Every structure is written in structure tokens, then in C-alpha cells.
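Here is a friendly walk through a protein model. Have a look at the structure first, and then we'll go through some of its residues together.

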Amino acid sequence: MMRLGRTRFLVLVVLGVALPSLAIADVPEMIGFQGVLTDLDDTEVSAPAGIKMTFRLYNGADDPAFIWEETHTDVAIFGGSVHVVLGSVTPLSAELLDGPM
């Protein structure tokens, strides 16, 4: 019974050290993006062989210059479902995401 008490104590100590370090971890430079791609008739598109998709971030709706861009060359689409990890090609920095969008 005493060994179980020590084991619990050690687990609590490890968690006490590990959890605060997770809280101060760096901001992730990647964001998962999911969407549904349809044609003009609202029919879900499929492209199992993959298509080229470019994603951009702008400072605002009225600003034509983009501040970030990333192209994924082989995005497979099944039943309209799209999933990419933005930042996996061109990192999304904390400075880029800090401020109004």
C-alpha cells in the first residue's frame, strides 16, 4: 500500500512539472483547415487524384495585398471534404497572426 502512495506522489510531481511547461509552449505555426468544396450547382466535388489549392491571408476585406500565401499541390477531395494543414508549407508565425484580421 505504501508503494502505491509513492507512485501517486511521483505521478503528481511529474504532472506538476510538465503541465506548466505545456501552458507556456509556443504558439502553433500550423492550423488544420476543413471545408466542403461544391460546384456552382451545390454538388459536392470529388477529386481523389488531388487538385492544386492556394490559400491566402489578407489584412482586411478592402486590402488587395495578401500577407501570407501557401499552395498545396495534391489535395485529395472525397465527397466534397477538404482537409489541409495550413502552415505545413509556409509557417504561420505568431507575429503574422497577432492583430486584427
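**A walk through the strands**

Let's start with Val-82, which counts as buried at 5% relative accessibility. Buried here means under 20% relative accessible area, exposed means over 50%, and partly exposed is in between (1.4 Å probe, protein chains only). Before going further, keep in mind that this is a predicted model, where local features need pLDDT of at least 70, side-chain atom pairs count only at pLDDT 80 or more, and totals for chains, interfaces and linings use all residues. Residues are numbered from 1 along each chain as its sequence is written, and side-chain values use heavy atoms, with hydrogens and water left out.

Val-82 sits in strand E4 (residues 81–86). Strands (E, at least two residues) and helices (H or I, at least four) are DSSP runs, numbered from the N terminus. Leaving aside neighbours within four places in sequence, Val-82 is in contact (heavy atoms within 4.5 Å) with Phe-33, Gln-34, Gly-35, Leu-37, Met-53, Val-75 and Ile-77. In a regular strand the side chains alternate between the two faces of the sheet. Look at E4 with that in mind: Val-82, Val-84 and Leu-86 make up the covered face, while Ser-81, His-83 and Val-85 make up the uncovered one.

What about the partner of E4? E1 and E4 run antiparallel and are joined by six bridges; two strands pair if DSSP finds at least two bridges between them.

Now for the rings. A pair of aromatic rings is described by the distance of the centres and the angle of the planes. Rings of Phe, Tyr and Trp (its six-membered ring) pair if their centres lie within 6.5 Å; planes under 30 degrees apart count as stacked, over 60 as edge-to-face and the rest as tilted. By this rule there are two aromatic pairs. Phe-33 and Phe-55 form an edge-to-face pair, with 5.4 Å centre to centre and 65° between the planes. Phe-33 lies in strand E1 (residues 31–36) and Phe-55 in strand E2 (residues 47–58), so this pair ties together parts that are 22 residues apart in sequence. Phe-33 is partly exposed at 33% relative accessibility, whereas Phe-55 is buried at 13%. Tyr-58 and Phe-66 have ring centres 6.3 Å apart and planes at 85°, so they are edge-to-face as well. Tyr-58 is partly exposed at 32%, and Phe-66 is partly exposed at 38%.

On to charges. Side chains of opposite charge can pair when their charged atoms come close. A salt bridge is a side-chain nitrogen of Lys or Arg within 4 Å of a carboxyl oxygen of Asp or Glu, and the count comes to one. Arg-56 forms it with Glu-69, the closest N and O atoms being 2.7 Å apart. This pair links distant parts of the chain, with Arg-56 in strand E2 and Glu-69 in strand E3, 13 residues apart. Arg-56 is partly exposed at 42%, and so is Glu-69 at 30%.

Where does Glu-70 lie? Glu-70 belongs to strand E3 (residues 66–77). Glu-70 is buried yet has no salt bridge, and the nearest side chain of opposite charge, Arg-56, is 12 Å away. For this, Lys and Arg count as positive and Asp and Glu as negative; His and the chain ends are not counted. The side chain of Glu-70 does reach the backbone nitrogen of Thr-90, at 2.6 Å.

Key. A polar contact is a pair of N or O atoms within 3.5 Å; within protein, one must be able to donate a hydrogen and the other to accept it, and residues adjacent in sequence count only if both atoms are side-chain atoms.
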